[in-house]
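Please open the model in your viewer and keep the selection panel at hand.

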Amino acid sequence: MKGQAFGDAIGLFTEFTTKEEAQKMIDGEPINFGPSYPKSFQFGYNWSHISGFIKNGWTDDTDQALCVLRAIYQTMTSSDQDLSSRLPHVFANELLKWRNWGLATEDPFMGRSKPYCMGLGALVASVLQEPGFLQNPVQSAEKVWAKNPQTSIQNRPAANGAIMRTAPIGLIFYRHFDDLISLTIQACQVTHADPRCTASCVALTLAIALSLRGYDSEAIFKGAEQGGLAVLRNELELAAKKKLLSNQECEHLDDLYETIAEEFKMHLHGSWETLDLDEGYNDPKRMNKIGYTFKCMGAAFYALTLASEYEKEGKVDIFRLIIEEIAGEGGDADTNGAAAGALIGAYLGLKGGFPLNWIRHLSDAPVLEQAIQHVEELSARHKKTA
Amino acid sequence: MYYCRFLTSLSFSDYFSNKGIEASECSSNRRKMACMGAIAITSLGLATWQAVQKKQWMALILIAVGIVLEIALTILYPLRKAVTINPPLVFNTPPDEDLAGKVGGLTLVIKDLEKCYPIKAIDPIEIKNKQA
């Protein structure tokens with residue numbers, strides 16, 4: 001949980017910049033929290049963006065992860081609730097509340113210091129505005145995603161708004177892959193119907209679960225790839241059955257799967273160079289793809305590769321090194337940082353060495369501590385009930 | 001002039017009633033909205049003052065209607081949403097029928113994953129550290 005929050009909060013410093021701009025900002029001064037922003041970040045390239053958020057705090061990415069946690073908590077602590085079938089509705093409710101009031105200050109359950117939501121993505125906003133979202137959230141998301149079913153899937157949004165929030169599921173349900181996978185799918189599809197979003201979310205939560213189960217990075221990659229691809233295939237088949245894909249894609253489903261699976265693997269095993277996290281920002285002629293879910297997934301898995309390498313090299317400040325590298329890549333740095341932070345946090349635990357400055361100055365730290373307690377409690381409860 | 005000012009004042013209600021949608025889409029939007037709101041309040045105050053000075057009662061009535069609408073949009077709109085979001089109703093919704101199809105197709109993969117990656121014997125403290 002801390003990994004997610006720190007990755008998110010540090011990534012915000014360079015969100016919506018190009019790699020070149022981000023490097024210039026970081027070269028000026030290391031990213032640290034404090035009473036005022038580091039000089040090289042004040043009135044920098046994205047000042048108008050970052051200055052609107054809670055200082056030294058996380059963004060909507062971790063807020064939404066806390067919404068997932070709240071939804072799981074409510075469902076698991078209410079008797080006679082079937083967790084996986086009820087979660088979408090409870091989570092939809094939490095998302096709407098968050099959109100209207102943020103994690104309200106007066107809310108004793110993980111209330112933040114400012115009662116409004118910040119940084120809501122366009123896709124999530126559209127889905128939340130759909131009539132009947134509370135009653136049928138998954139169908140509402142499908143409706144928005146497949147507004148024009150004849151549009152090729154490659155030209156539809158597959159945003160990173162779901163992968164950034166699913167980490168708590170990996171942390172809580174790491175003991176049972178069936179619950180882990182079904183709940184990840186549910187939490188993703190409340191707003192993101194694209195099979196690429198679902199596959200990337202499952203790959204991340206599986207990787208977190210495998211980290212908690214004590215596996216090395218090689219096994220984590222294999223397990224995440226196997227699970228992610230299986231979910232991708234399954235979701236594409238379901239989308240074709242529901243006529244959410246174009247006629248041509250339904251007829252050539254195997255080809256479509258092969259193409260997307262290749263892209264999935266390429267991103268999963270990518271590096272900063274191949275992932276090109278500021279794509280579209282660095283070249284106006286290219287389409288803006290910084291918010292692509294596979295990019296975020298790739299960033300998290302490359303962070304895992306680096307964490308494994310740095311651990312072998314005996315480095316001590318691994319977490320800071322990696323999160324600063326992600327921030328230095330620009331693009332959607334807070335979301336990439338949130339997903340990567342969650343994964344390397346689960347992989348390294350306290351060995352990752354969270355910088356003292358970050359621990360001391362993170363805003364709303366008590367909220368995070370409360371969230372961590374809930375994760376531990378729910379994880380223990382799931383062990384007993386499973 | 002009063003009509004224009006009255007319409008400008010309505011833009012302030014957008015900031016509150018759409019709080020979390022357009023306004024929070026981008027922080028600079030939020031600041032623009034706040035600035036517009038401040039201008040609107042000042043305009044409304046000036047309009048009211050001028051209307052009282054010149055005894056233009058019709059304009060005053062319009063301004064009063066504007067203020068009532070403002071309050072209604074600011075307070076009642078979020079309240080309406082609050083009524084819509086009713087947890088007991090949410091809990092009573094039927095289970096998602098699609099779920100069986102979604103996970104059913106993955107049963108074999110899940111079994112295979114469980115077989116290949118069983119939980120290793122790890123110190124519970126280590127697990128807690130990783131969860132934190």
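## A tour of the two chains

Begin with chain A as a whole, where residues 24 or more positions apart account for 75% of the contacts with a separation of 6 or more, a contact being two residues whose C-beta atoms, placed from the backbone, lie within 7 Å. Before going further, note that this is a predicted model, in which local features need pLDDT of at least 70 and side-chain atom pairs count only at pLDDT 80 or more, while totals for chains, interfaces and linings use all residues. Residues are numbered from 1 along each chain as its sequence is written, and chains are lettered from A and ligands numbered from 1 in the order in which they are written.

The C-alpha trace of chain A spans about 55 × 50 × 40 Å along its principal axes.

Now select chain B, which has eight helices and zero strands, and in which 20% of the 132 residues count as buried.

Return to chain A and select residues 2–11 (H1) together with residues 318–327 (H16), whose axes come within 9 Å and cross at roughly 40 degrees; axes are lines fitted to C-alpha atoms, for helices over the stretch in contact, and angles run from 0 to 180 degrees between N-to-C directions. That angle makes H1(A) oblique to H16(A), since angles under 35 degrees count as roughly parallel, over 145 as roughly antiparallel, 65 to 115 as roughly perpendicular and the rest as oblique. Show side chains here, and Phe6(A), Gly7(A), Ile10(A) and Gly11(A) of H1(A) meet Ile323(A), Ile326(A) and Ala327(A) of H16(A).

Next select residues 195–212 (H10) and 333–348 (H17) of chain A, whose axes come within 8 Å and cross at roughly 20 degrees. H10(A) and H17(A) are therefore roughly parallel to each other. Their contact includes Leu204(A), Ala207(A) and Ile208(A) from H10(A), and Ala339(A), Ala342(A) and Leu343(A) from H17(A).

Move on to H11, residues 217–241 of chain A, whose 25 residues reach 36 Å from the first C-alpha to the last, close to the 36 Å expected at 1.5 Å a residue; the expected span is 1.5 Å times one less than the number of residues. Just after H11(A), stop at Lys243(A), which takes a positive phi of about 60 degrees although it is not a glycine. Lys243(A) sits in the loop between H11 and H12 (247–251) of chain A. Is Lys243(A) buried or exposed? With 11 C-beta neighbours inside 10 Å, Lys243(A) counts as exposed.

Finish at Asp364(A), which is not a glycine but has a positive phi of about 60 degrees. Asp364(A) lies in the loop between H18 (356–361) and H19 (365–385) of chain A, and Asp364(A) is buried, with 24 other C-beta atoms within 10 Å.

Technical notes
Helix = DSSP H or I, 4+ residues; strand = E, 2+ residues; numbered from the N terminus. Buried ≥ 20, exposed ≤ 12 C-beta atoms within 10 Å, placed from the backbone.
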